[in-house]
Amino acid sequence: MHFNHIDLLLWAAASAGHLALLAVMAIRRRVKTFPVFTFFIAVSVLKSSVLFLIYLHGSRRAYFYTYVGFLILDLTLQLAVAFEMATRVFRPVGAWSREVARNLASLAIASFSLATVLSLLAQPHTQVVAKAAIIRFDLFSAVLVSMLFVGFVAVSARTGLPWRTHVARISQGLAVYAVFDVIIESARTCFGVSTTTDFYRVLSEVRIIVYCACLTYWIITLWQEAPAPRLLDSRMRWQLTALQSRVEQDLASLRQRSK
Amino acid sequence: MGLHLIVFLSVIAVFLFALTAVAGFYWKKSRTTSKSQWEQLIARYTFVDRDSIQQIAFDHIDGSGWVRNDEAARSLNSSEIWKLIGGMQGLDVLEKNCAVLIDMACYLQRWYPEAMTTADQLRKSAEEIQWHVGRLKSAVVPGKLESEFADYARPAIASYYLMTRRVLALYEGANFPELIKLQRTI
């Protein structure tokens with residue numbers, strides 16, 4: 001195994017992108033707002049560095065197990081980022097609305113089911129069981145994450161909950177990358193990883209280019225400040241509070257009568 | 001290319017098309033003009049006889065929203081309330097309109113993100129109110145109105161009436177351009 005110039009260039013671009021994004025998160029004080037996303041990016045830096053070193057100096061076996069370990073960690077963190085974004089959009093006051101929770105639970109079940117079906121339907125073009133399992137897992141991961149983020153857009157539109165600027169930008173980046181990943185993993189399923197190595201390499205390069213584009217998008221949008229929110233004037237704030245207390249009062253009365 | 005591969009690629013193509021279509025549809029929906037969203041909100045609101053609602057509400061509360069304790073209070077009986085509200089269908093309408101009223105309050109969060117916290121609390125409270133109204137409906141046996149119905153329905157209808165007033169006051173405060181239409185509707 002060896003790197004060509006394009007591989008090295010893409011590896012350097014992705015690593016620089018990750019570091020630049022981490023710097024933006026720190027300088028613009030976004031770490032506290034998006035701790036899981038920051039951790040996801042930090043782990044990505046670690047992943048690319050460790051895999052690069054093992055690729056150059058380690059054995060194939062060590063590379064394989066490290067790669068699989070990071071693959072599982074990557075999916076776990078992507079789901080954690082999805083949860084972080086969902087809490088920012090759908091749980092602004094710290095508790096899930098019943099309707100939203102129901103919608104999100106249905107979305108999670110549907111996404112998991114469809115991802116499982118599609119990954120089982122795939123018959124990767126390779127004789128190596130481990131490679132076939134990796135391709136299936138990658139496809140599962142891409143379908144799951146893309147469906148979740150598109151589902152979030154649908155649920156927010158249905159419930160009328162708006163997206164805050166930075167949450168929307170992070171989610172858009174992850175969704176676009178996941179959709180491209182579905183295409184790439186489907187192509188890898190068709191052409192495998194062992195018989196046509198050049199094609200596999202091209203697909204991997206395309207994937208990194210798309211990812212670098214997402215990194216650039218996050219760097220630019222997270223550097224920019226979100227538009228300042230319009231504030232309610234004192235009369236409107238009072239009216240809204242009065243409506244809320246009226247509803248709470250009615251609710252307490254109904255609760256008492258229902259006992 | 002084997003049959004299985006063709007099936008797999010077709011399924012992936014359908015999946016990607018559906019995903020893109022759903023994303024596009026809802027993204028466009030969330031970006032549609034506020035005017036059309038407002039029109040949809042108004043369209044969801046079902047007409048109710050405001051005079052009847054007001055009559056039942058003022059049987060239970062006074063003009064300031066306080067529960068009346070005078071002798072003339074709570075003079076309407078179950079049959080009269082049932083007739084004024086329009087029976088089970090009327091309760092259905094109130095349940096649906098309750099959700100629309102909360103959505104009208106939440107609508108403000110599009111321009112005023114500061115209202116988001118309160119709007120979400122309102123949404124959660126409204127869900128619970130709907131659940132209680134649902135219980136009230138299920139407790140009513142058609143054709144056999146118990147005296148308890150008036151005790152349950154009166155405060156629920158009074159609450160609904162006050163909610164309409166509060167929502168109107170909220171939009172008056174916001175100088176909402178469609179206020180006159182809202183006043184005519186609710």
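Where in chain A does A:Arg29 lie? A:Arg29 sits in the loop between α1 and α2 (35–57) of chain A, helices here being DSSP runs of H or I with at least four residues, numbered from the N terminus. The model is a predicted one, in which local features need pLDDT of at least 70, side-chain atom pairs count only at pLDDT 80 or more, and totals for chains, interfaces and linings use all residues. Residues are numbered from 1 along each chain as its sequence is written, while chains are lettered from A and ligands numbered from 1 in the order in which they are written.

Though not a glycine, A:Arg29 has a positive phi of about 55 degrees. With 8 C-beta neighbours inside 10 Å, A:Arg29 counts as exposed (12 or fewer other C-beta atoms within 10 Å of its own; buried takes 20 or more, partly exposed is in between, and C-beta atoms are placed from the backbone). Over in chain B, B:Arg74 also isn't a glycine and has a positive phi of about 55 degrees. B:Arg74 falls in the loop between α3 (50–60) and α4 (78–85) of chain B and, with 15 C-beta neighbours inside 10 Å, is partly exposed.

Helix α1 (residues 5–27) of chain A runs 23 residues and reaches 32 Å from its first C-alpha to its last, close to the 33 Å expected at 1.5 Å a residue (1.5 Å times one less than the number of residues). Its buried residues include A:Gly17, A:His18, A:Leu21 and A:Met25.

Notes
Helices (H or I, at least four residues) and strands (E, at least two) are DSSP runs, numbered from the N terminus.
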